[in-house]
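Open the model in your viewer and keep the selection panel at hand. The tour goes from helix packing to the ligand, then to the backbone.

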Amino acid sequence: MKDLKNYDTKLLKDLLFKMLLIRRFEEKAAQAYGLKKIGGFLHLYIGEEAVAVGSISNLDMTKDYVAAAYRDHGHALATGLDPNSLMAELYGKITGCSKGKGGSMHFFDYKKHFFGGNGIVGAQIPVATGIGLKIKYNKEDGVVLCYFGDGAIHQGAFHESLNLAKIWNLPVVYICENNHYGMGTDYRRVSAIDDFSIMADSYAMNGKQVNGMNVLEVYEATKEAIEIAKNGTPVLLEAKTYRFKGHSMSDPAKYRTKEELEKYKQKDPIISFKELLKENNIISEEDFLEMDKQCKKIAKDAAKFAEESPEPDLDELYTDIYA
Ligand SMILES: Cc1ncc(C[n+]2csc(CCOP(=O)(O)OP(=O)(O)O)c2C)c(N)n1
């Protein structure tokens with residue numbers, strides 16, 4: 001049993017609550033997608049919640065920034081974006097965080113320092129590096145957490161960004177969420193190495209591999225990484241995690257075995273953390289059920305808000321365009 005006495009109880013409960021909220025929000029979204037209330041793509045983060053929650057819980061979103069890929073619901077919720085505006089975005093409604101024009105892959109909130117939601121694999125890596133440059137240039141006291149999948153790590157943009165970030169000593173923590181698969185390809189089939197954190201060596205940075213199914217391990221590693229990044233050396237973390245669902249809603253996931261999926265479900269980050277908190281008498285099963293009820297209500301209310309919100313006007317087609 002891991003001793004939790006060095007942690008603030010509020011923080012521990014908050015970590016569990018946020019992971020559960022992401023899980024219930026996405027289950028509701030998947031249901032709405034099945035009913036054809038949501039169109040386009042829907043990439044679920046179920047199974048990976050400990051990565052976004054453990055890392056983002058270190059941030060102060062008045063001065064720090066987050067940039068994510070298209071599997072972005074978890075990061076947006078962990079950052080503190082309003083579940084109603086996120087669900088409305090999935091439904092393509094004007095009350096959505098991107099006015100219903102971005103959808104699942106393009107959650108965005110400039111004021112809350114959430115820079116996506118990016119549909120192009122790896123596109124957020126140079127964007128996050130640019131935000132790091134802005135922080136440094138303006139002598140601000142902030143850091144950027146930049147998330148991407150194992151598939152994105154072979155993009156040129158990743159290598160160019162890390163090189164620049166080191167040359168310019170930018171406050172960026174790059175976090176590779178290795179959920180074992182690209183769209184349908186096992187990362188071991190396309191990668192010469194299986195510990196991506198060693199790529200940090202190529203750019204004279206610190207690199208560390210962490211258990212992405214363990215929210216406290218992610219929390220601690222990110223805390224340490226942020227301190228190093230703010231002192232002038234960017235960091236690369238690789239969080240080993242697993243997605244329980246297909247790549248997107250249309251993926252039957254035939255490239256993996258039921259046994260493999262089952263094995264990772266036994267390591268469910270929410271269930272294992274709940275058990276740890278129970279063993280340490282921080283919560284009871286009843287507290288957990290109450291928390292779960294609250295999260296389900298937030299997700300249900302968000303779906304109601306989205307359903308009742310209006311569609312964007314046709315004129316919206318011509319706003320927010322940069323050309
Ligand atoms: C530049 C680019 N190439 C290809 C695609 C098609 N595509 C979408 S998701 C994906 C797999 C990416 O896998 P990974 O980065 O590991 O992220 P994960 O989905 O596992 O979170 C690909 C190839 C794309 N969106 N952008």
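Angles under 35 degrees count as roughly parallel, over 145 as roughly antiparallel, 65 to 115 as roughly perpendicular, and the rest as oblique. Axes are lines fitted to C-alpha atoms, for helices over the stretch in contact, and angles run from 0 to 180 degrees between N-to-C directions. Helices (H or I, at least four residues) and strands (E, at least two) are DSSP runs, numbered from the N terminus.

This is a predicted model, where local features need pLDDT of at least 70, side-chain atom pairs count only at pLDDT 80 or more, and totals for chains, interfaces and linings use all residues. Residues are numbered from 1 along each chain as its sequence is written, and side-chain values use heavy atoms, with hydrogens and water left out.

**Helix pairs**

Select helix α10 (residues 269–279) together with α1. Their axes are 10 Å apart, at an angle of about 155°. The two helices are therefore roughly antiparallel. α1 passes α10 in a left-handed crossing. A crossing is left-handed if the near helix is turned anticlockwise from the far one by less than a right angle, and right-handed if clockwise.

Now pick helix α2 (residues 49–56) and helix α8 (residues 215–230). Their axes come within 7 Å, crossing at roughly 40°. α2 is therefore oblique to α8. The α2 and α8 crossing is right-handed.

**The ligand**

Which residues come nearest to the ligand? Select Tyr-70, Arg-71, Gly-151, Asn-179 and Tyr-181, out of the 15 residues around it. A residue is near if one of its heavy atoms lies within 4 Å.

Next, show polar contacts (pairs of N or O atoms within 3.5 Å). A polar side-chain atom of Tyr-70 lies 2.6 Å from a ligand oxygen atom. For Arg-71, a polar side-chain atom is 2.8 Å from an oxygen atom of the ligand. Tyr-181 uses a backbone N or O atom, 2.7 Å from a ligand oxygen atom. Taken alone, the ligand exposes 600 Å², and the protein buries 71% of that. Accessible areas come from the Shrake-Rupley method with a 1.4 Å probe.

**Backbone stops**

Go to Gly-116 and Gly-117, which a cis peptide bond joins, with omega about 15°. Gly-117 lies in the loop between α4 and α5 (124–137).

Finish at His-180, in the loop between β3 (172–178) and α7 (187–190). Its phi is near 80°, a positive value in a residue other than glycine.

Notes. Polar contact = N/O pair within 3.5 Å; in protein donor to acceptor, adjacent residues only side chain to side chain.
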